[in-house]
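Let's walk through this one from the overall fold down to a single side chain. Have the structure open as you read.

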Amino acid sequence: MFATSRLFTSIAAKRAFSTSAANLTKVAVIGAAGGIGQPLSLLLKESPRISELSLYDIGNAHGVAADVSHINTDSTVTGYTPKKGGLEAALKGAHVVVIPAGVPRKPGMTRDDLFNTNAGIVRDLAVAAAKYCPDAHFLIISNPVNSTVPIFAETLKKAGVFNPKRLYGVTTLDSVRASRFVSEMKHLQASDCKVNVIGGHAGVTIIPLLSQTGLKFSQEEIDALTHRIQFGGDEVVVAKDGSGSATLSMAFAGARMANAVLEATVGGKKGIIEPAYVKSDVLAKEGVEYFSTNLELGPEGIEKIHDIGEISDYEKKLITEAIPLLKGSVTKAIEFVNK
């Protein structure tokens, strides 16, 4: 009796292990020891969809991994640095790669001021990604997103592995801010304030569609909210007095986007809609190659790119003003990769 019971237990354990092994999901955070990377790694450790969390940075990744690994969820956590092929090990087998690597903004800096430093970092990471995990879903947080996403794309194209369904510029924070700022102004629950934010992820390229909220705003309120949503990051940079930029809120937004991708691609959940800056035909007639609108996510990544919808004349004007900046950012990115 005992032997039979033990046999059944062994068979059940093997089946459980087999099922678990078939559903292993590795997520890599590249830049995990930074101001965004650490809280992002912490939030991702909570995800039941992640079996392996791979944390990479040029320094302190082992310490962050050791710290995060003590959290009592089932995923394993491993830290990697450039030593002994660490980037290869961090990326190999990854289903999702989240990239917050790069230098943060300081007072007086625009996202474009970061271009010369962060562009090279993102390009080099794209080269490695093309080699070690070409089929992964790539979430780009590194600023300026309006340029770093096309840099990543052009680098993957050169390697022959670009999949536009699996490359996302994380603009979730703009929607998160918009929801919070509107709820504060209108004294509503933040969860009840859904604000579509389109365009890009820098200054006036960030376009909140307040006309689609169903709420009534005076023109003064529209002007104030639009400016605050567009330049919300500056509030944090100034408040931190030169010590950093938006890290905690960005980590929250990045984790939300990563979890959305996981739920759609691993969890099989349908109807997941999130915004992101992606290769898009929404404004193709105007020559805009990359644009952020709501996306419907599916098993392969981006399943549907939503149109802008009905908008006000004020919002049409914002789009017109953003178009040359968006086009310029992409041109700059392509020139950088091809030089």
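Start with how the chain meets itself: of the contacts with a separation of 6 or more, 70% are between residues 24 or more positions apart, a contact being heavy atoms within 4.5 Å. Keep in mind that this is a predicted model, where local features need pLDDT of at least 70, side-chain atom pairs count only at pLDDT 80 or more, and totals for chains, interfaces and linings use all residues. Residues are numbered from 1 along each chain as its sequence is written, and side-chain values use heavy atoms, with hydrogens and water left out.

The protein has 11 helices and 11 strands, which are DSSP runs numbered from the N terminus (helices are H or I, at least four residues; strands are E, at least two). Along the principal axes, the C-alpha atoms take up a box of roughly 80 × 45 × 40 Å. Of the 339 residues, 49% are buried, meaning under 20% relative accessible area with a 1.4 Å probe, protein chains only.

For a local example, look at helix H2 (residues 37–44), where Gly37, Pro39, Leu40, Ser41 and Leu44 are buried. Their cover includes strands E1 (26–30), E2 (52–56) and E4 (96–99), plus helices H3 (61–69) and H10 (248–265).

Now jump to Arg166, in the loop between helix H6 (145–159) and strand E6 (167–169). Arg166 is buried, at 14% relative accessible area. Beyond its neighbours within four places in sequence, Arg166 touches Asp135, Ala136, His137, Phe138 and Glu300. With Glu300 there's a side-chain polar contact of 2.8 Å.

Methods:
Buried < 20%, exposed > 50% of the residue type's maximum accessible area, 1.4 Å probe, protein only. Polar contact = N/O pair within 3.5 Å; in protein donor to acceptor, adjacent residues only side chain to side chain.
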